[in-house]
Amino acid sequence: VNLNATQAADFFNNSTSFNINTLNNAQYDRPIIINIKGSSFNIPNTFNMGNINNQLYDNLIWNFCEATFVNIPSVVKGSLLAPNADVTLGNNIDGVLVGKDISIGF
C-alpha cells in the first residue's frame, strides 16, 4: 500500500481503525508494507494502529519513508520504520522500531 502525504493525512485523520483481510482469515506469511510519504505526522490518538489481527501484524511494516517527525500516541502493532525521523510513541510497540531519535512514554 502506498499513501502520498495527502492520502496519509486523510487516512490518519478520518479513520479510527482499518482492516486487513486475508482469504478465510488465514495465516499470512508475506510482508505487508504501508509506505507513508510526507515529512511530518502527528497521528491522532483516536487512530488505532494496534487493532490488527494477530496473524498479520508480525508481517506488517509501517514505512514512514520521508518523515522527519512522527508522533503516535496509541499502541503500534507491527514494525515502524522512520530512519530519518524523530519518533515519539505514547504507548508500546509490538514489533521493531527504527528511528533517528526515539522517545517512548507510557
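Begin by selecting F12, I36, W62, F64, I72 and L80, which have the most contacts inside the largest nonpolar core, a set of 28 residues. Such a core is a set of buried Ala, Val, Leu, Ile, Met, Phe, Trp, Tyr and Cys residues joined through side-chain atoms within 4.5 Å, where buried means under 20% relative accessible area, exposed over 50% and partly exposed in between (1.4 Å probe, protein chains only). The model is predicted, so local features need pLDDT of at least 70 and side-chain atom pairs count only at pLDDT 80 or more, while totals for chains, interfaces and linings use all residues. Residues are numbered from 1 along each chain as its sequence is written, and side-chain values use heavy atoms, with hydrogens and water left out.

Next, colour the elements that give two or more residues to this core: α1 (5-14), β2 (32-36), α2 (54-57), β4 (60-63), β5 (69-72) and β7 (79-89). Helices (H or I, at least four residues) and strands (E, at least two) are DSSP runs, numbered from the N terminus. Strand β7 gives the most, with five residues.

Now select F12 with F47, both of which are buried. Their ring centres lie 5.0 Å apart with the planes at 85°, so the pair is edge-to-face (rings of Phe, Tyr and Trp, the last by its six-membered ring, pair if their centres lie within 6.5 Å; planes under 30 degrees apart count as stacked, over 60 as edge-to-face and the rest as tilted).

Finish at C65, in the loop between β4 and β5, which at 28% relative accessibility counts as partly exposed.
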